[in-house]
Amino acid sequence: MSENVKKPAKNVSKNNAVNNQGNKQHRNERAHQLKVYAVGSVLILLAIILLANILLDKLLGRTLTFDYSVERSNVISNTSAQFLDSLPDGTNIRIVGLFERPESFYESKYQYIIPILDDYVKKSKGKVTVEYIDMQKNPNIIQQLDPTGSYDLAKLSGWYVISYNGKLDVIDPVTCYTIDTDYLDETDRFVATGINTEYKFTNSMMSLVRGFTNKAYFVTGLKENGSTEIKNLMNGMGIDTQDLDVTVGFKIPEDCNLLILNGINNDITETMYVEIKTYVERGGKAIISVDYSPENVNEAYPNLNHLLNEMNINVEHCMVTENDPAYQLNSQINDSQADIAEKFTDFATVKRLHITLARPLSFTAAANSNYTTEAVLTSSKSATKSVADENERAKQISSDPGVVNIAMHSYHNNDMHGEIYVFSTVNFTSDDYFSHFTLNDKNADFIKSCIRSMLPTSAQYNIDIPVKRLDGNRLSTDKATTTVATSVMIVFMIVLPVVLSSMAVIVYNKRKNL
Amino acid sequence: MQAIFKREFLSYFRTPVGYVAMAIFTFISGFIFYSQFATGYVSMSVEIIMLRSLFIIIVPIITMGMFAEDRKRGTEILYYTNPIELFSVVTGKFLAAMALYLVMFINVFIHMIVVAACGGTVDAGVIGSVLVFFFMAALFISIGLLASVLTDSQIISAIVSFLFILVIQLLTVIGNYCGTAVSTIMSYMDIASDTRNAVRNAIAGAISWFDPFAKTELFSNGLFSVSALVFCLSFALFFLYLSFRILEKKRWSQK
């Protein structure tokens, strides 16, 4: 009997064992299926994400990139796009960056260059190509771009070369920015106030395709002002520019169409006097700018005056003091506006222009009838003259209030049409001024008109590419005072972190025993 | 998901974690802001872009306890035994961390108000930078969350997410190194320099393609790239799904 009872029990346990084994096997199978599903779904999702991202990036990456910057700083303007459209089909302008295209160029000098060049490629319909070739790895590129070796490209690593039908131009990336030179002098830090990238590249392409029509020489060696911006401006007008160093002898080259003395702080030499006088008499054109700044308060410019007196102009050794509040800027007597003389009102879209630290210009007592001389810019009727005292403060000198000339124009009456513009402020030519106000400023428009009046340029160069301003990051000096800066430091670096840390300590102490 | 989000978000303020993360963020963002303010030039885009490098510190702090803490307390079992979607749990915790980031970011919004009041600019570039900041925060939080799912220890979780984010931050550099290394090896095999350069560039390009920092850096110029945002979002989704799968595996492999 007991055997009979035991038998079914044995069978039950055997059945249970079989069932358990079956369940276990089932569980294992299910686990395996779930594992396959889990791993498979992860892999499939990863593949889909990778594929979708690659396709999106490669096919639509550029199309789905939008420039929402206020100045549209990363794309070319319609002016450049129209220039590209105007080029005949089959035109091939090759832009080569003499470096490897960096994967990351944020906060580098290429930040506002590479995206704009990409846009040139995008909008040129194949007429412009951009490549990045490291000269160290591909030295053949130097020979390929410049077979004659006239540009010494080996020394221009990091620059851009623009090549068209064997003609070359080179662009230093740094010149694609307007730098705040005042801020640089004060703090030794570079702050870009504007982007010239499009200005530089479009003008360079235009010069290569259409050729320069004129050449301007900038006199150097007289402690003159920086001329980078005015050179950019001229290049944009189809005028080639070159320096003329007086320290190695002074001779005006035959191909000089325009001679520029930009903010000279030293007087010209006797030789220069003779050369420039002859040059103008023979039909040469010149622009001369000086001012009354700490660098030249002791300079009376006797030789320059000797030259200008021939043209009925005299540069006085003092400063224009603007007493009319309607003309003053920021309530400054030496930073003001000047009226444009009636004959020159077409040169600008405004009636007054910005002048700073100007010297008075006057007509010479004994007029030279060979020259016709006229005022171009004048002060208000309330202007007087002052000199800087030993503390560099303006000291009024005896002078009745009246209109003072700030810029004058003189031309020879012979058939050669030599002429000269004299500015007694550097606000029309210097980097100091344009680094603040960029080439979009009205003063830039005015000097362009002056140049055009002397060197009629072809209409094909009359395109205006605005400089894109970048100085929106500058805080108002009235509001961002040292007191405010200190308060910012105390609140954001001390008070708030200390309060939050204290909260952490309180919470920790309350909860550590829970 | 709402309950998880609420519980998780409030837990940051019931423990020192949230306050410590906020204190670090406030101090460093304040330092960057003041450094610019003192010079008279403030670019909020630069501040926000610089703050991206803080992910490596902040993300491990706020994500290390997400699942590891539950495991330590034994409350993790509730996720497996209650009839709730594990993906909701993952999403709830993820959104809570994002919300904490938003709270921390109030600090930067105050900086923007100060800048605007002082005559500075808050333009499209700044908005782009904010957008990128949160998309990248989403990516890195999802990575930190995955690290928290993988391990029982908060410390190990923090180290794993720290390393992961560090590698991502260095992807472009790593790509260049790998490319150069392969190119050097090929030079021993007398392979032509053009081929070597092509391979080096291809390797460097392929690795650095995954670098979200490089992809998004031009947002601060006001240049919005949809593909960069899709990249951050899609990989954040992937890491969240991976975390969910690992939790799901734990649910069905419970014995």
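Reader: Is the crossing of α8(B) and α9(B) left-handed or right-handed?
Author: This is a predicted model, in which local features need pLDDT of at least 70, side-chain atom pairs count only at pLDDT 80 or more, and totals for chains, interfaces and linings use all residues. Residues are numbered from 1 along each chain as its sequence is written, while chains are lettered from A and ligands numbered from 1 in the order in which they are written. A crossing is left-handed if the near helix is turned anticlockwise from the far one by less than a right angle, and right-handed if clockwise. For α8(B) and α9(B) the crossing is right-handed.

Reader: At roughly what angle do the axes of helix α8 and helix α9 of chain B cross?
Author: Helices (H or I, at least four residues) and strands (E, at least two) are DSSP runs, numbered from the N terminus. Axes are lines fitted to C-alpha atoms, for helices over the stretch in contact, and angles run from 0 to 180 degrees between N-to-C directions. The axes of α8 (residues 124-150) and α9 (residues 154-169) of chain B come within 8 Å and cross at roughly 145 degrees.

Reader: How many charged residues are in the contact of α8(B) with α9(B)?
Author: Two residues are in contact if their C-beta atoms, placed from the backbone, lie within 7 Å. Contact residues include B:Phe140 and B:Ile143 of α8(B) and B:Val160 and B:Phe164 of α9(B). Ala, Val, Leu, Ile, Met, Phe, Trp, Tyr, Cys and Pro count as nonpolar, Asp, Glu, Lys and Arg as charged, and the others, Gly among them, as polar. The contact has seven nonpolar residues, four polar and no charged.

Reader: How is α2(B) oriented to α7(B)?
Author: The axes of α2 (residues 16-37) and α7 (residues 86-117) of chain B come within 10 Å and cross at roughly 25 degrees. Angles under 35 degrees count as roughly parallel, over 145 as roughly antiparallel, 65 to 115 as roughly perpendicular and the rest as oblique. Therefore α2(B) and α7(B) are roughly parallel.

Reader: Which element supplies the largest share of the side of chain A that touches chain B?
Author: In this interface, 53 residues of chain A are in contact with 55 residues of chain B. On chain A, α1 (2-60), β1 (65-67) and α12 (482-511) each supply at least two residues. The largest share, 15 residues, comes from α12(A).

Reader: What is the bridge partner of A:Phe66 in β1(B)?
Author: Two strands pair if DSSP finds at least two bridges between them. Three bridges join β1(A) to β1 (residues 223-225) of chain B, and these strands run antiparallel. The partner of A:Phe66 is B:Phe224.

Reader: Is A:Gln396 buried, exposed or partly exposed?
Author: A:Gln396 lies in strand β20 (residues 394-396) of chain A. A residue is buried if 20 or more other C-beta atoms lie within 10 Å of its own, exposed if 12 or fewer, and partly exposed in between, with C-beta atoms placed from the backbone. Because A:Gln396 has 13 other C-beta atoms within 10 Å, A:Gln396 is partly exposed.
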